[in-house]
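Me: Hi! Could you walk me through this protein? I'm new to reading structures.

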Amino acid sequence: MLKAIVVDDEYVVLEGLRSLADWSSYGVELAGTARNGSEGLALIERLRPEIVLTDIQMPVMDGLEMIRRAKEIVPESVFVIFSGFNEFRYAQSAISLGVLDYLEKPVTLESIDGAISRAVKLLHSRAPAGNSDMPKARAEQDALFQAVRALLDGTIQDFSQYVAFFEERGLPLPPLRSGGAAALRIAQRDGEGNHAAPRNTVQDGYAALCRSFQRRALREGEQAVFLQQEGDLLLVLLSPGAQELCLTRRLSALAAEGEYSFFAGVGEDCADPLHLPLCCLQARQALRYALFREENSVLPIGEVQSGPLPAGGGREEEILYRLRAGEREETLAAVDGLLDFWWKSNLSPQLFCHECLELCYLGLRAAQETGENYLETLGEGYLPHEELFRLRGYRQICGWVRGFFGRLCDWLQEVKSRGMHKGVLEAKQYILKNYDKSLTLQELAQAVYMNPTYLSMLFKEQVGTTYIKFLTSVRLEHARELLERGMKVSAVSSQVGFHDARHFSEVFKKTFGITPDQYKHGH
């Protein structure tokens with residue numbers, strides 16, 4: 001017997017249809033009623049009715065929205081709308097949703113009987129040729145749907161529970177020698193190249209995919225179950241044969257000939273119903289990967305990269321070097337090179353996003369060496385990862401990362417144009433106070449909280465000479481003062497930071513053209 005439900009927020013309507021309509025004469029059972037679209041959707045998911053009669057204007061969720069969502073759960077079901085609002089926009093929406101009848105309130109018994117009769121005829125016309133036992137076949141299909149859902153949510157956890165599920169309903173155990181799963185998503189591109197489609201187009205697309213695949217499965221003696229899980233449309237396929245299901249090939253063929261573009265991920269085949277949850281998990285993982293890479297419409301789990309991150313070959317260091325040097329185009333070229341390297345390494349979407357975020361924070365740490373906070377210019381509370389994780393697909397993410405570094409380069413150039421860097425000023429002061437000590441670039445950079453390489457480049461750019469030449473000139477100026485006081489050359493050498501008097505004398509003569517002794521006696 002076919003199942004029907006009625007959804008209306010008026011108690012009188014529910015009770016009137018329950019008691020007055022002659023459901024059984026059409027081979028239909030009124031299996032349940034609901035008071036709003038949200039309750040109705042839950043009832044549809046639980047009962048899987050073939051016929052749904054619903055009002056439009058209801059609290060919580062209206063009838064049109066309920067039908068849109070219900071078509072993802074029961075794409076083959078027939079929907080009848082009744083409403084007191086005889087408006088063209090409602091009729092348009094009903095037509096776009098493929099509603100069988102649009103009845104005006106107050107509905108009459110004749111109009112309801114006519115709608116039920118038309119719904120039953122339509123359902124029987126869709127039945128496969130030679131199948132005279134449609135109610136029994138539908139009961140078996142509904143039970144299989146409920147069993148798959150129970151496997152996925154953990155209600156069925158062992159084989160004895162799986163067997164008992166069908167025995168309690170007086171139904172045979174579905175033959176399974178091979179099974180598999182795929183996760184699908186309609187993907188029509190918008191004007192900006194993003195994977196998006198209007199809601200009604202998505203629902204119609206899912207319904208078309210379900211019908212097409214179910215017809216093919218029936219021809220092969222297989223059973224196909226479609227259901228939703230966290231926004232994905234899941235296909236679970238059960239076959240009595242031991243041959244490979246070839247889901248990837250079959251879905252690719254369906255994608256090539258269909259009017260709807262879709263992406264799909266395919267899990268591994270299995271021979272045990274208890275392994276179907278793992279197959280579905282693999283399928284959803286492969287779907288995420290297919291959407292991210294924006295290349296393959298159908299991707300099997302075997303092609304998903306799950307290995308460790310390969311070494312970047314020093315590309316990150318090159319980016320930071322170019323960034324600190326103020327070389328904008330070279331920085332962006334290096335960023336593009338690293339993104340392309342990660343792409344060719346087949347990183348998972350999660351790992352790719354993680355590495356992009358790490359790269360951005362490396363750039364921010366380099367920006368902090370200016371003594372100013374770049375993030376403050378982007379607004380209070382700005383965090384790069386919040387922007388990054390809202391993006392979809394490889395191209396969007398790469399474009400965002402490139403733009404991030406382009407803006408960072410521009411900001412660094414602006415900071416440099418304002419005057420001498422705070423860190424360079426502090427480095428000069430540190431040299432003037434500590435010239436008499438053994439002073440390395442590493443020690444100097446640590447003292448002013450800067451990267452040694454960046455300090456070295458910036459010092460030369462803003463002071464006009466290298467830090468070591470500046471340090472030497474400071475030492476020699478102090479050496480001349482001490483020699484003029486008559487101090488011994490060896491004492492002067494050690495007091496201004498030279499630990500080798502011979503080396504001191506060579507540097508002094510090279511700079512001033514005379515030896516320290518000659519300078520001392522000449523004054």
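**Helices and sheets, step by step**

Reply: Let's start with helix 2 and helix 3, which are roughly parallel to each other, since angles under 35 degrees count as roughly parallel, over 145 as roughly antiparallel, 65 to 115 as roughly perpendicular and the rest as oblique. This is a predicted model, where local features need pLDDT of at least 70, side-chain atom pairs count only at pLDDT 80 or more, and totals for chains, interfaces and linings use all residues. Residues are numbered from 1 along each chain as its sequence is written, and side-chain values use heavy atoms, with hydrogens and water left out.

Me: What angle do helix 2 and helix 3 pack at?

Reply: About 15°, with the axes of helix 2 (residues 37-47) and helix 3 (residues 63-73) 10 Å apart. Axes are lines fitted to C-alpha atoms, for helices over the stretch in contact, and angles run from 0 to 180 degrees between N-to-C directions. Helices (H or I, at least four residues) and strands (E, at least two) are DSSP runs, numbered from the N terminus.

Me: Which residues of helix 2 and helix 3 make the contact?

Reply: Gly37, Gly40, Leu41, Ile44 and Glu45 come from helix 2, while Met66, Arg69, Ala70 and Ile73 come from helix 3. Contact means heavy atoms within 4.5 Å. The residues divide into five nonpolar, two polar and two charged. Here Ala, Val, Leu, Ile, Met, Phe, Trp, Tyr, Cys and Pro count as nonpolar, Asp, Glu, Lys and Arg as charged, and the others, Gly among them, as polar.

Me: And how are helix 16 and helix 18 placed?

Reply: The axes of helix 16 (residues 422-434) and helix 18 (residues 452-463) come within 10 Å and cross at roughly 90°. Helix 16 and helix 18 are therefore roughly perpendicular to each other. By class, their contact has seven nonpolar, one polar and one charged residues.

Me: What about helix 12 and helix 13?

Reply: Helix 12 (residues 328-344) packs on helix 13 (residues 349-368) at an angle of about 160°, and their axes are 11 Å apart. That makes helix 12 roughly antiparallel to helix 13. Among the residues that meet are Trp342 and Trp343 in helix 12 and Phe352 in helix 13.

Me: Switching to sheets: what is the strand order in the parallel one?

Reply: It is an open sheet of five strands, in the order 2-1-3-4-5. Strand 2 (28-34) and strand 5 (101-104) stand at the edges, each with a single partner strand, so one side of each has no neighbour in the sheet. Strand 1 (residues 2-7) pairs with strand 2 over six bridges, and two strands pair if DSSP finds at least two bridges between them. Val6 stands opposite Thr33 in strand 2.

Me: Which order does the sheet with mixed pairing have?

Reply: That open sheet has five strands in the order 7-8-6-9-10. Strand 6 (residues 178-186) and strand 9 (residues 262-266) run antiparallel and are joined by five bridges. Arg185 stands opposite Phe263 in strand 9. Helix 9 (residues 247-257) packs on this sheet, and its direction makes about 175° with that of strand 9.

Me: Last one: where does pLDDT stay under 50?

Reply: Over residues 189-200. pLDDT is the predictor's confidence in each residue, from 0 to 100. Where pLDDT is low, the predicted coordinates should not be read in detail. The mean pLDDT of the protein is 81, and 87% of its residues reach 70 or more.
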